[in-house]
Amino acid sequence: MDPVFTLQWPEFLLANQLQTLLPKKEGYSVFVPVSRQEKAVDLAILRKRGGSHKTITIQIKLLT
């Protein structure tokens, strides 16, 4: 049986909004780590400008 990847709804909504606010044409990319080893990272934003890169990681906390 193949493993199944699922994405939590709040993470999906935030990734979708970030893709709208940070367009690819300006050098941005939004990544969702699928490795279970990345427990403290829900999303990563990469900005490529010239020859340099900057990465920001985000962890989403739900308030209940």
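## One helix and a three-stranded sheet

The protein's secondary structure consists of 1 helix and 3 strands, where helices (H or I, at least four residues) and strands (E, at least two) are DSSP runs numbered from the N terminus. This is a predicted model, in which local features need pLDDT of at least 70, side-chain atom pairs count only at pLDDT 80 or more, and totals for chains, interfaces and linings use all residues. Residues are numbered from 1 along each chain as its sequence is written, and side-chain values use heavy atoms, leaving out hydrogens and water.

Along the sequence, the pattern reads α-β-β-β. Here are the elements with their residues.

| Element | Residues |
|---|---|
| Helix H1 | residues 9-21 |
| Strand E1 | residues 28-31 |
| Strand E2 | residues 43-49 |
| Strand E3 | residues 52-58 |

Let's look at the sheet. It is open, with 3 strands in the order E1-E2-E3 and antiparallel pairing; two strands pair if DSSP finds at least two bridges between them. Strands E1 and E3 stand at the edges with a single partner strand each, so one side of each has no neighbour in the sheet. On average, neighbouring strands are turned by 20 degrees against each other, direction ignored. E2 and E3 pair over 7 bridges, and Arg49 has Ser52 in E3 as its bridge partner.

Helix H1 packs on this sheet and touches E1, E2 and E3, a contact being heavy atoms within 4.5 Å. The direction of H1 makes about 15 degrees with that of E2; axes are lines fitted to C-alpha atoms, for helices over the stretch in contact, and angles run from 0 to 180 degrees between N-to-C directions.

Of the 64 residues in the protein, 19% are buried (under 20% relative accessible area, 1.4 Å probe, protein chains only).

Definitions and conventions: Buried means under 20% relative accessible area, exposed over 50%, partly exposed in between (1.4 Å probe, protein chains only).
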